[in-house]
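Thanks for coming. I will go through one structure today, starting with its rings and ending with a ligand site.

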Amino acid sequence: MHYHDNVDYPPLLTRPIVFGPLLVGLFAVLWWFDAANSAIGRLVAGIIPAGTTPGMHGLLTALAVTLFAAFNIFVVLRLPLRQQVWLVWGELAAVILLFFYSFDLSFAFIQRKIGFLLTQGLVTTLYISAVSITLATILALLGAIAKLSSNGIAQGIAHFYTSLFRGLPLLMQIYMIYLGLPQLGYVVDAVPTGIAALSLCYGAYMTEIFRAGIESIPKGQWEAARALGLRPTAVMGRIILPQSMRVIIPPTGNQFISMLKDSSLVSVVGVWELMYLARTQGQTEFRHVEMMITASLIYWLLSIVLELIQKRIETHFNKAVTR
Amino acid sequence: MIPAPQISVPTAAGTPAAVEITKLSKWYGALQVLFEVDLHVDKGERLVICGPSGSGKSTLIRTVNALEGFQRGEIRVGGVKLTREPAVVDAVRRRVGMVFQQFNLFPHLTVLENCALPLRLVRKLTAAEARDRAMHYLTKVRIPEQADKFPAQLSGGQQQRVAIARAVAMQPEVMLFDEPTSALDPEMVKEVLDVMVGLAEEGMTMVVVTHEMGFARQVADRVIFMDQGRVVEQAPPEAFFTRPQSDRTRAFLNQVLPH
Ligand SMILES: Nc1ncnc2c1ncn2[C@@H]1O[C@H](COP(=O)(O)OP(=O)(O)O)[C@@H](O)[C@H]1O
Ligand SMILES: [Mg+2]
């Protein structure tokens, strides 16, 4: 919990009422779904004595995995908190990788294609995302300020903007810009289409985040800044926005991560970004799964990078409160 | 083009009053909260405003630097007639400093930055000049050693002293205080009042909304009693406390003065 109490409640997992049913449940699931004949079963196959009947084999496998889980919990609970977090994170990541590995992947194929996937696909994805993130942030700032302004025209535009672009499916926006605008005589290339659609859509979501962030700052801050003679831009830029960042950054980080993956929708208009290449490169040799998993892992790694960046920025804007 | 505001308008008597409020009326929607209030503050004068909660004290002093608008009447600050024009409001806010009940320090800036940033943005000082002047005023309120801390790390009394330093560092002609000690723990009231007494001794023009009657006795030239949006009574502190004229003043004093 965020603010620690000074009571040592026993950890949930050390209470028999919790870990008993949990382990029984795990055992039942493993047994019922016949873990012995799955990838999990193969992992522990070595320690099951040879020559047991299939029924016995199933029971022993479930038992072995359950005991391993219990032992694992037992060990983890004895570590300091940070190590617990990292170990559990690592174990779960290993399980996911194992899951991918179990698909019997052709690593030679991945090796052959990964270069192109990175130099063409990743670079395009990063380019589209980075430009869109920047534009969306600018749009969101303008939108939020317009919504809070006393200018009726600005408010009207901002309200309509958020309503329209939050209301239409992103895919539809991409098609409308790519296929609809040429009807008006403006032909837009695929990449600018993607950037425009992502910026407009995410700018609309983020307008609301920025607005809520600005509104979270108490009136006294505005009054103190004004009483000191600060002009409106200085009040906003030096006093209000820097404080709103604490509220704005976590949901904005969410949006950035979400946008990174939604940039894959741009593949529908033929942009050679990560998702498009993953689909097309796999097709030629019927190696879809290899490419999908590789692309997934790249997306995941990028998200982790964004998470880390978000954490740093959060720490920066929290320093006044925590130091 | 907006015409440049008149920065100084001499009155018939010569130098303009620090603040001149004439027949000021204000409504919040249908609710009238100020009724034709007249108030005259001379340069160098110290005014204490008291009165029951909701009587319009905050509203009155907040109209002076345009934190609140008003519908009827006139306000002049150093001769400048307050309108809603940006250049006029700017000019007035440069002449008026304000200290709030809730301190309103900027939590994301250090104590020093709280004082220096407005100097740079409004007074156009260089970073070094702003720093020096901020330190000078932090020393005056006796917390130079806290300069690099953030407001949240300071006690209420210290925060309010920083807020005073921040406002005074702008070198205003008038200082407004809206119940500066009401949010403080009792043991911190004195350190803030001491700073205010020091300011008064240096000749600062001050309008102080407070219930600290000891402070009023010590430094006020005049005490104003407000009730229900009207100035009911005003007198030098001695006369105000010993010979209050109206029943409402007497009833109020009975409640706030120790027996
Ligand atoms: N923002 C506001 N909207 C509506 N009424 C208000 C507002 N601020 C103050 N008032 C009303 O104006 C009157 C005077 O308030 P105020 O100036 O704060 O009194 P005081 O400072 O003397 O306690 C009160 O009746 C209060 O309820
Ligand atoms: Mg008040």
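**Aromatic pairs**

Over all chains, the structure holds 11 aromatic pairs. A pair here means that the rings of Phe, Tyr or Trp (its six-membered ring) have centres within 6.5 Å; planes under 30 degrees apart count as stacked, over 60 as edge-to-face and the rest as tilted. Take A:Trp89 and A:Trp300: their ring centres are 5.9 Å apart and their planes lie at 25°, so this pair is stacked.

Before I go on, the ground rules. This is a predicted model, in which local features need pLDDT of at least 70 and side-chain atom pairs count only at pLDDT 80 or more, while totals for chains, interfaces and linings use all residues. Residues are numbered from 1 along each chain as its sequence is written, chains are lettered from A and ligands numbered from 1 in the order in which they are written, and side-chain values use heavy atoms, with hydrogens and water left out. Helices (H or I, at least four residues) and strands (E, at least two) are DSSP runs, numbered from the N terminus.

The cut-offs are under 20% relative accessible area for buried, over 50% for exposed, and partly exposed in between, with a 1.4 Å probe and protein chains only.

Another pair in chain A is A:Phe100 with A:Phe103, which is tilted, at 6.5 Å centre to centre and 45° between the planes. A:Phe100 counts as buried because its relative accessibility is 16%, whereas A:Phe103 is partly exposed at 36%. Ring pairs also bring in A:Phe99, giving a cluster of A:Phe99, A:Phe100 and A:Phe103.

**Charges over rings**

The criterion is NZ of Lys or CZ of Arg within 6 Å of the ring centre and within 35 degrees of the ring normal. In chain A, the charged end of A:Arg78 sits over the ring of A:Phe74, 3.9 Å from its centre. In chain B, B:Arg166 lies over the face of B:Phe106, at 4.4 Å from the ring centre.

**Single residues**

In chain A, A:Val235 belongs to helix H10 (residues 232–262). A:Val235 counts as buried because its relative accessibility is 2%. Its C-alpha is 6.0 Å from that of A:Ala225, a residue 10 positions away in sequence.

Now to chain B, and backbone angles. Most residues other than glycine have a negative phi. B:Asn104 has a positive phi, near 55°. B:Asn104 is in the loop between strand E6 (96–99) and helix H3 (111–121) of chain B, and is buried, with a relative accessible area of 11%. B:Lys124 also has a positive phi, of about 60°. Its loop runs between H3 and helix H4 (127–140) of chain B, and B:Lys124 is exposed at 62%.

What does the side chain of B:Gln160 reach? The side chain of B:Gln160 reaches the backbone oxygen of B:Pro180, at 2.9 Å. This is a polar contact: a pair of N or O atoms within 3.5 Å, where within protein one must be able to donate a hydrogen and the other to accept it, and residues adjacent in sequence count only if both atoms are side-chain atoms. B:Gln160 is in helix H5 (residues 156–169) of chain B and is buried, with a relative accessible area of 0%.

**The ligand site**

Which residues are around ligand 1? They are B:Tyr28, B:Val33, B:Pro52, B:Ser53, B:Gly54, B:Ser55, B:Gly56, B:Lys57, B:Ser58 and B:Thr59, where a residue is near a molecule if one of its heavy atoms lies within 4 Å of it. Helix H1 (residues 57–64) of chain B gives the most to this shell, with three residues.

As for polar atoms, a side-chain atom of B:Tyr28 lies 3.4 Å from a nitrogen atom of ligand 1. A polar backbone atom of B:Gly56 is 3.0 Å from an oxygen atom of the ligand, and a polar side-chain atom of B:Thr59 lies 2.4 Å from an oxygen atom of ligand 1.

That is what I have.
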